[in-house]
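Please look through the sequence and the model shown here before reading on.

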Amino acid sequence: MLKNHVEDVVVWLLPKVLKEYDDICTCEKCKDDIKAIALNKLKPHYVVTKEGESYAKINDMSLQFKTDVMQALMEAANIVKENPKHSK
Ligand SMILES: [Zn+2]
């Protein structure tokens, strides 16, 4: 299965980033927006995976990569926080 590994990492780190914000909307729409903005900032990294393999790979990734994804997610969260795509 061909997969953008960065997408897994974004999905995995998003809840940790959202925990840092107590005033951000966490509905599916806003979470998808945050993921989309972060993924567009990051360079995709395609890997061929078998089912269930992605988490092992996350543990192997470098701290620098984790930091980059964290950074992109925080920037994206700030954008969505200021401009949610829906009314409150
Ligand atoms: Zn929302």
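Predicted model: local features only at pLDDT ≥ 70, side-chain atom pairs only at ≥ 80, totals over all residues.

## Aromatic rings

Rings of Phe, Tyr and Trp (for Trp, its six-membered ring) count as a pair if their centres lie within 6.5 Å, and a pair is called stacked with planes under 30 degrees apart, edge-to-face with planes over 60 degrees apart, and tilted for the rest. By this rule the count in the protein comes to 0 aromatic pairs. A charge may also sit over a ring, which requires NZ of Lys or CZ of Arg to be within 6 Å of the ring centre and within 35 degrees of the ring normal. Lys16 lies over the face of Trp12 in this way, at 5.0 Å from the ring centre.

Residues are numbered from 1 along each chain as its sequence is written, and side-chain values use heavy atoms, with hydrogens and water left out.

## Overall layout

The protein has 4 helices and 2 strands, where helices (H or I, at least four residues) and strands (E, at least two) are DSSP runs numbered from the N terminus. Read along the sequence, these elements follow the pattern β-α-α-β-α-α. Of the 88 residues in the protein, 32% are buried; buried means under 20% relative accessible area, exposed means over 50%, and partly exposed lies in between (1.4 Å probe, protein chains only).

For comparison, the ideal angle for four tetrahedral donors is 109.5 degrees. Cys27 counts as partly exposed because its relative accessibility is 28%, whereas Cys30, at 1%, counts as buried.

## Helix α2

Helix α2 (residues 28–41) has 14 residues and reaches 20 Å from its first C-alpha to its last, close to the 20 Å expected at 1.5 Å a residue; the expected span is 1.5 Å times one less than the number of residues. The buried residues of α2 are Cys30, Asp33, Ile34 and Ala38. Seen down the axis of α2, these buried residues fall within an arc of 125 degrees, so they line one face of the helix, the arc being that of the directions from the helix axis to the C-beta atoms. On the other side of α2, Glu28, Lys29 and Asn40 are exposed.

## Helix α4 and the segment after it

Helix α4 (residues 63–82) has 20 residues and reaches 29 Å between its first and last C-alpha, close to the 28 Å expected at 1.5 Å a residue. Its buried residues are Val69, Ala72, Leu73, Ala76, Ala77 and Val80. They cover an arc of only 140 degrees around the axis, which puts them on the same side of α4, while Leu63, Gln64 and Glu82 are exposed on the other side.

Asp68 is placed in helix α4, and the C-alpha atoms of Asp68 and Lys41, 27 residues apart along the chain, are separated by 9.9 Å. Pro84 is found in the segment after α4 and, at 26% relative accessibility, counts as partly exposed.
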